[in-house]
Amino acid sequence: MSKATPKGLRDLRQPAALEPPKITFPCDYSLKVVGDAADDFPACVCQIIVRHAPDFDATTMQVVDSRNGRYQSVRVMIRATGEQHIKELFEDLKATGRVHMVV
């Protein structure tokens, strides 16, 4: 015998429908690129970003070292024109072999 869920409340025992968030393009799009720490890692990431977003301002890039100094995250904001634009950028970053994750 199950109890009815009050109107307006969702039964947390049931999984919610997972839908990707809707993005309206063009838009400002934030990226965090994580890889092994190296002096030239941020420059490598920047070179690929500029290829896909020529108007990218490299002075806005933020580089953060991990606690133990083994990894670096490079945070950037680009003007994304569409899903394909983002997909191609992700693919090029991962193709370097130096990028572990793009968020």
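Modeller: Start with His85, which touches His52, Ile78, Arg79 and Ala80, not counting residues up to four places away in sequence. Contact means heavy atoms within 4.5 Å. This is a predicted model: local features need pLDDT of at least 70, side-chain atom pairs count only at pLDDT 80 or more, and totals for chains, interfaces and linings use all residues. Residues are numbered from 1 along each chain as its sequence is written, and side-chain values use heavy atoms, with hydrogens and water left out.

Biologist: Where is the place of His85?

Modeller: His85 belongs to helix H2, residues 83-95. Helices (H or I, at least four residues) and strands (E, at least two) are DSSP runs, numbered from the N terminus.

Biologist: Why is His85 called buried?

Modeller: Buried means under 20% relative accessible area, exposed over 50%, partly exposed in between, with a 1.4 Å probe and protein chains only. His85 has 12%, so His85 counts as buried.

Biologist: Which elements does the chain have, from the N terminus on?

Modeller: They run β-α-β-β-α-β. That comes to two helices and four strands.

Biologist: In what order do the four strands form the open sheet?

Modeller: The order is S2-S3-S1-S4, with antiparallel pairing. The edge strands are S2 (62-65) and S4 (99-102), as each pairs on one side only. From one strand to the next, the twist averages 25°.

Biologist: What makes S1 and S4 a pair?

Modeller: Two strands pair if DSSP finds at least two bridges between them. S1 (residues 27-36) and S4 have three, in the antiparallel sense. Gly35 stands opposite Val99 in S4.

Biologist: Over how many bridges do S2 and S3 pair?

Modeller: Over four, again antiparallel. Val64 stands opposite Ser73 in S3. The hairpin of S2 and S3 has five residues between the strands, and there Gly69 takes a positive phi near 80°.

Biologist: Which strands does helix H1 lie across?

Modeller: H1 (residues 41-52) lies across S1, S2, S3 (71-80) and S4. H1 runs at about 20° to S3. Axes are lines fitted to C-alpha atoms, for helices over the stretch in contact, and angles run from 0 to 180 degrees between N-to-C directions.

Biologist: What makes a nonpolar core?

Modeller: It is a set of buried Ala, Val, Leu, Ile, Met, Phe, Trp, Tyr and Cys residues joined through side-chain atoms within 4.5 Å. The largest one here has 22 residues; those with the most contacts inside it are Leu31, Ile49, Phe56, Val76, Ile78 and Leu93. S1, H1, S3, H2 and S4 each give two or more residues to this core. H1 gives the most, with six.

Biologist: Which residues is Leu93 in contact with?

Modeller: Leaving aside its neighbours within four places in sequence, Leu93 contacts Val33, Val45, Ile48, Ile49, Val99 and Val102.

Biologist: Why is Gly82 called buried?

Modeller: Gly82 has a relative accessible area of 14%, so it falls under the buried limit. Gly82 lies in the loop between S3 and H2. The C-alpha atoms of Gly82 and Ile23 are separated by 8.8 Å, though the residues are 59 apart along the chain.

Biologist: What joins Phe25 and Pro26?

Modeller: A cis peptide bond, with omega about -5°. Pro26 lies in the segment before S1.
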